[in-house]
Amino acid sequence: MRFLPVNLDVLLVELADLDQTLALLASLQRDPLPGVQELVPAAQTIFVRFRPAATSAAALVRNIAGRDISQRAERSSTLVEIPVQYDGEDLAEVAQILGITPEEVVRRHTGSDYTVAFTGFAPGFAYLSGGHPSLNVPRRSTPRTRIPAGAVGLAGAFSGVYPQASPGGWQIIGVTPLAMWDLARAQPALLQPGYRVRFIDIATQNIAASAGAACAAGQKDSKVARTREALAPGQSALQVRGTGLQTLFQDLGRHGQAGQGVSASGAMDATALKAANRLVGNASNAAALETVGGGLQIHSLGDNVVAVTGADAPLTLTTAAGRRWTVPRYQAVALADGDTLAVGQPDAGTRCYLAVRGGFAEPQVMGSCATDSLAQVGPPPLAAADVLGVHPAPASVVVAATQLPPDDLPTLAQDVVLDVVMGPRTDWFSAEAVERLATQRWQVTAQSNRVGLRLAGDIPLDRAIPGELPSEGTALGALQVPPSGQPVLFLADHPLTGGYPVIAAVAPYHLDRAGQIPVGAWLRFNPIRPFAELSPSV
């Protein structure tokens, strides 16, 4: 058992194999540790997020190292049967790799039960262990840009089903009409950790019709109408006149959904979101609008009180009569019926947050209004003409005093310095690459978004260990390095697990700063020492 630093509030426990991993997971779930906020199991690791105010890395290491992991984890009594049409694009190639016929591949795939070992990659995506021992094939050398929802694939010793259309590198041997992910269900993910799974060849049984009905049920349109007609009598609202590059609903995220394969998402600059809510008298975790760059315009239907925080962008208020003036950031602003507030192009930072007194009347998805752009969970992006209902504010709610805006937002004019914790896979890189991460400047490319900042440096980071890394939990702020050697800094909508080595992670206190970095900015990384109380031998 090895303990690897991930961040100031995250440890990675590395074990010998999947059986040990599942045994430790069962122990930690049966006898949970105080201060542990999240566990993300993977093939040979458990990602442990904890609250430093409630526990320490040293205390966690001592406790976890003493756990008995000799017993196999018990499987759930729940059995899920998945009908499959075995006509996948890679079925013949898989048969050739294994030296058997396609028919024999199908017979072996349907001849054994599987167990949901862990979830990740995408909401509802389950890594299935077990099955015939011969079904161990490498991922495709070149991943496909699009794999259809329901595709059944093999990768290494795992089987899996893609819950939605996405890129991927698994060997596709068939497709199922069964919905793996359905927000209409109490548990949207059909496959939960520990469940048993059995694949059934549709060609041998008359089950296609019922399975197709189940799939159709999983594809319901959950979009809520954003129109004047949807408002209650007398309800105030904000109408969207312009969205800029992108405007989304965000709050502090949907935590605790790792078992469904869903990461937290949430505001890229959580401090700015909390400030906007405080200024208008809302709870700090209320949903607000997160907008990138300039261009957001909202028109007040009825009287409203709003506040805008985050990036240093000019705010212009125009009345129904055409009068126009500039209003300050980080201050509550009263909007009369017919007023329009416009957000200009930021001079520093890149994301603004707009909160409204009383809060937006936007339905939650899985306990949150956060829009996860990668997982496609949460409210849809805003569009021009959308009408956003506002909850009436209790009479006791008061707006807060004006707050000083931050004076150190990232700009294009000077390098942005971020503290980083080295690890967990620093040893996968050459000594020169580890040094280069801290000494070389890295530029944010135009391919960056809420999933992550794609960086470019003059000299890529070269690896000391070739080959594939088994999938493992990834942290907000992780610097994952793909084969190109150019790092990706994971942000709010990052995947729950990843298969490329992580060389470092941005310290928690600089994550909001990372969420405000504009495209084209230059970064420098400053390594800091994690877990000073741990001995190097742990």
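Which residue in E21 is the bridge partner of valine 305? Some notes on that and on a few helices follow.

1. First, the ground rules. This is a predicted model, where local features need pLDDT of at least 70, side-chain atom pairs count only at pLDDT 80 or more, and totals for chains, interfaces and linings use all residues. Residues are numbered from 1 along each chain as its sequence is written, and side-chain values use heavy atoms, leaving out hydrogens and water.

2. The partner is alanine 334. Strand E18 (residues 304–312) and E21 run antiparallel and are joined by 3 bridges; two strands count as paired if DSSP finds at least two bridges between them. Helices (H or I, at least four residues) and strands (E, at least two) are DSSP runs, numbered from the N terminus.

3. Both strands belong to an open, antiparallel sheet of 5 strands, ordered E15-E16-E23-E18-E21. Its edges are E15 (246–250) and E21 (333–335), each pairing on one side only.

4. Now to helix H2 (residues 57–65): its buried residues (under 20% relative accessible area, 1.4 Å probe, protein chains only) are Ala57, Ala58, Leu60, Val61 and Ile64. Seen down the axis of H2, they fall within an arc of 160° (taken from the directions from the helix axis to the C-beta atoms), so they line one face of the helix. Their cover, by contact (heavy atoms within 4.5 Å), includes helix H1 (18–30) and strand E1 (2–7).

5. The buried residues of H1 include Leu18, Leu22 and Leu25.

Terms used:
Buried means under 20% relative accessible area, exposed over 50%, partly exposed in between (1.4 Å probe, protein chains only).
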